[in-house]
Amino acid sequence: QRVSVIATDLVLAYATRSYCSSLGGSAGRTLTALILFNAGLLIVDHIHFQYNGLLLGLLLLSIARIKQNRVLEGAFWFTILLNMKHIFLYVAPAYFVYLLRTYCFLDSKRQTGWLPRLSTFAPIRILKLGALVVGIFIASFGPFVAMGQLPQVMSRLFPFKRGLTHAYWAPNFWAMYNLADKMISFLMLRFGLQSGSAASSRPSTTGGLVGDVEHVVLPD
């Protein structure tokens with residue numbers, strides 16, 4: 001398995017070359033070195049087996065293709081990336097807005113202001129883009145739908161019962177919310193406003209175990 005992780009770093013190398021070649025000069029060479037010789041990425045990826053180099057490579061390749069005006073190919077690679085790891089959902093709105101503005105409206109580069117003219121909207125382009133995205137999702141999730149396993153897939157993609165601290169797309173808010181709950185509980189326990197059994201009987205919000213999480217003080 002470790003060999004497969006290392007082998008897929010070739011995708012990152014190719015994508016880095018595709019993206020950085022358009023920069024040229026010292027900027028391109030510096031960025032290439034920073035990406036390919038990222039010690040943290042290499043160490044974590046080659047030990048933890050998460051294929052982060054492959055995923056980052058697909059993201060860079062998608063951006064490179066869009067930068068090269070190969071928009072549909074860029075959308076293809078990003079959709080593949082999204083189906084491989086849903087952590088990239090947070091990038092999807094930016095992709096949607098950018099592709100809608102620059103690809104689905106003709107002569108968008110010549111227009112000024114934030115809002116494009118409706119007369120330049122190209123329905124055929126958004127249909128092509130939508131068909132590409134939907135087709136990939138059907139190929140990815142179709143077998144699970146056919147076998148009646150889609151609810152199981154969704155429960156694993158969004159494991160609410162593990163606590164939202166572990167949800168990739170929500171840690172910034174919920175980690176602070178859980179921390180605030182623990183701090184308030186600690187202070188109440190310290191000043192005798194709460195019994196120790198109230199906090200100890202609650203499941204951990206950071207243990208990662210499957211189970212319904214209940215906060216001690218703050219509302220669930």
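Select F105 to begin: in this predicted model, F105 is buried, with a relative accessible area of 9%. The ring centres of F105 and F121 lie 5.2 Å apart with the planes at 55°, so the pair is tilted. This pair links distant parts of the chain, with F105 and F121 both in the loop between α6 and α7, 16 residues apart.

The structure holds 4 aromatic pairs. Another one to display is F76 with W77, an edge-to-face pair with 5.0 Å centre to centre and 75° between the planes. F76 is partly exposed at 29% relative accessibility, and W77 is likewise partly exposed, at 25%.

Next, turn to the largest nonpolar core, which has 17 residues. Select L59, F78, L81, F88, Y95, L99 and L129, the members that touch the most others. Two or more residues of this core come from each of α4 (52–67), α5 (71–84) and α6 (92–102). Centre the view on L99: leaving aside neighbours within four places in sequence, L99 contacts I66, V71, A75, C104 and L129.

Finally, select helix α7 (residues 123–146) and helix α8 (residues 150–157). These helices pack at an angle of about 125°, with their axes 7 Å apart, which makes α7 oblique to α8. Show the side chains of F141, F144 and V145 in α7, which meet L150, V153 and L157 in α8. The residues of this contact comprise 6 nonpolar, no polar and no charged.

Terms used
Residues numbered from 1 in each chain as written. Predicted model: local features only at pLDDT ≥ 70, side-chain atom pairs only at ≥ 80, totals over all residues. Heavy atoms only, no water. Axes fitted to C-alpha atoms, helices over the stretch in contact; angles between N-to-C directions. Helix = DSSP H or I, 4+ residues; strand = E, 2+ residues; numbered from the N terminus. Parallel < 35°, antiparallel > 145°, perpendicular 65-115°, else oblique. Contact = heavy atoms within 4.5 Å. Nonpolar A, V, L, I, M, F, W, Y, C, P; charged D, E, K, R; others polar. Core = buried A, V, L, I, M, F, W, Y, C linked by side-chain atoms within 4.5 Å. Buried < 20%, exposed > 50% of the residue type's maximum accessible area, 1.4 Å probe, protein only. Phe/Tyr/Trp six-rings, centres within 6.5 Å; stacked < 30°, edge-to-face > 60°.
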